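Subject: Structure for you to look at

Hi,

I am passing this structure on to you, together with some notes. Please open it alongside the text below.

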Amino acid sequence: MENAGGSYVPESVINKLNHFMIHTKVQPYGLYQPSIDATQAIEKSTCLMAEMINATHSEVVIGHCTTMNLVMLSLALKSWFMPSDEIIVTNQDHESNISPWRRLAESGQKIIEWKMNSNNAELDIAHLESLLSNKTKLVCMTHSSNIVASVNDIKKIADLVHANGALLLVDGVSYAPHHSINVKDLNVDFYVLSLYKTFGPHLGLLYVDKKHHDKLTNQSLEFMPKQYEKITTPGSPNYLRIALNPGGVNHEEAACLSGLTDYYRLLHGHHFTKNKESVFAVVEDVFKLIADHQAKLSKIFIEYINENNAIKLIGKNESDTNLRSPTFAFTLKNKLSCQDVVKALAKRNIAAQAGSFYAWRCLEALGINPYEGLARVSFAHYNTENEVHLLCQSLNEIL
Ligand SMILES: Cc1ncc(COP(=O)(O)O)c(C=O)c1O
């Protein structure tokens, strides 16, 4: 029940990790067989991760994590901004999509905060409209907050932001474990997600639309004088991953990512009779099933919350995962602290978490002391209805 913090990994991923460590744990991109195999595994995974979100190989970076990807992206975009340019950030986001942009104030950019509606914690599009101006260069926001969990209408916001001549960056970390992501259909300029929350190893996936590669200043080092010039020119196929990941990808973790798409294919084969060629089409089908299952899990929990006076849920009482991710942060109306409840759940072998979840601005806006925090449970597709019933029953006993 702590899936928003990190998800379990299927055997197909673990087997590929083992295989890499046993048979191909050498320097990749060499000319001997184990090295060639290592290279192929890494490249295949990179292609599959791109395909999984309907992007191309040259448009993705497999970085250390989302925080690191966003820090690198902000540094790479720094010299693209003009001194009076405006960047809009929200107070609903995880700090990793706020701090890197706020830091640019030091180089003259003006940071504007798109605040949540204080009545319902939602990000109102009408409010964004009032903040956009011809100085706005970039809007940074979450697809679904790790606290409020409402699904923001990214397509609509992308239209609005683009009509104002600005770019849109979306943090999909809390959304991606529950839905397929189609970056082209969403019409976003930048998109990030954490692969360790979508059933893979501890890595982050960053997408940058190829039409923006020339806006990014290379952050890599001058490893080779001539080659450096050739491969670090925007437009070269490897530009993005060199420019935004100076230390290079984690070999074994990247190599095992093809196990993730194998897993989706296995799920697809189990539930559907007609095979599909494209990875994206497979993932899309699988996540429709996942959404239906998770809506059932959410409904059980929402019904419990509606009947329980001791719990105050953050965000809407909504079980449709197109409207709310199955992540439920709450405070308590009785004297127990959130830490107490999480400890009591742990004694019953139920994993939950308490804290600010690095979204302290969101907590402050909700009137919650970030040091006291809130409690959070979050479901993934492998959770069962019985497990959610057990969670509710346990909360009943504790509260
Ligand atoms: C919504 C959201 N954005 C960003 C992050 C940061 O991701 P990472 O741990 O990959 O840096 C998290 C992590 O919890 C998150 O929940």
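This is a predicted model: local features need pLDDT of at least 70, side-chain atom pairs count only at pLDDT 80 or more; totals for chains, interfaces and linings use all residues.

Residues are numbered from 1 along each chain as its sequence is written.

**The helix pair.** Helices (H or I, at least four residues) and strands (E, at least two) are DSSP runs, numbered from the N terminus. Helix α2 (residues 33-52) packs against helix α12 (residues 279-307) at an angle of about 55°, and their axes are 8 Å apart. Axes here are lines fitted to C-alpha atoms, for helices over the stretch in contact, and angles run from 0 to 180 degrees between N-to-C directions. The two helices are therefore oblique to each other (under 35 degrees counts as roughly parallel, over 145 as roughly antiparallel, 65 to 115 as roughly perpendicular and the rest as oblique). The crossing of α2 over α12 is right-handed, meaning that the near helix is turned clockwise from the far one by less than a right angle. On the α2 side, Leu48, Glu51 and Met52 meet Val279, Phe280 and Val283 of α12 (contact: C-beta atoms, placed from the backbone, within 7 Å). By class, this contact has 5 nonpolar, no polar and 1 charged residues. Ala, Val, Leu, Ile, Met, Phe, Trp, Tyr, Cys and Pro count as nonpolar, Asp, Glu, Lys and Arg as charged, and the others, Gly among them, as polar.

**The ligand.** Around the ligand are residues including Cys65, His94, Asp171 and Gly204, taken as near if the C-beta atom, placed from the backbone, lies within 6 Å. The shell has 2 nonpolar, 9 polar and 1 charged residues.

**The sheet.** An open sheet is formed by 4 strands in the order β8-β9-β11-β10, with antiparallel pairing (strands pair if DSSP finds at least two bridges between them). Its edge strands are β8 and β10 (353-355), each pairing on one side only. Between β8 (residues 311-313) and β9 (residues 327-332) there are 3 bridges, and Lys312 has Thr331 as its bridge partner in β9.

Best wishes

Methods:
Two residues are in contact if their C-beta atoms, placed from the backbone, lie within 7 Å.
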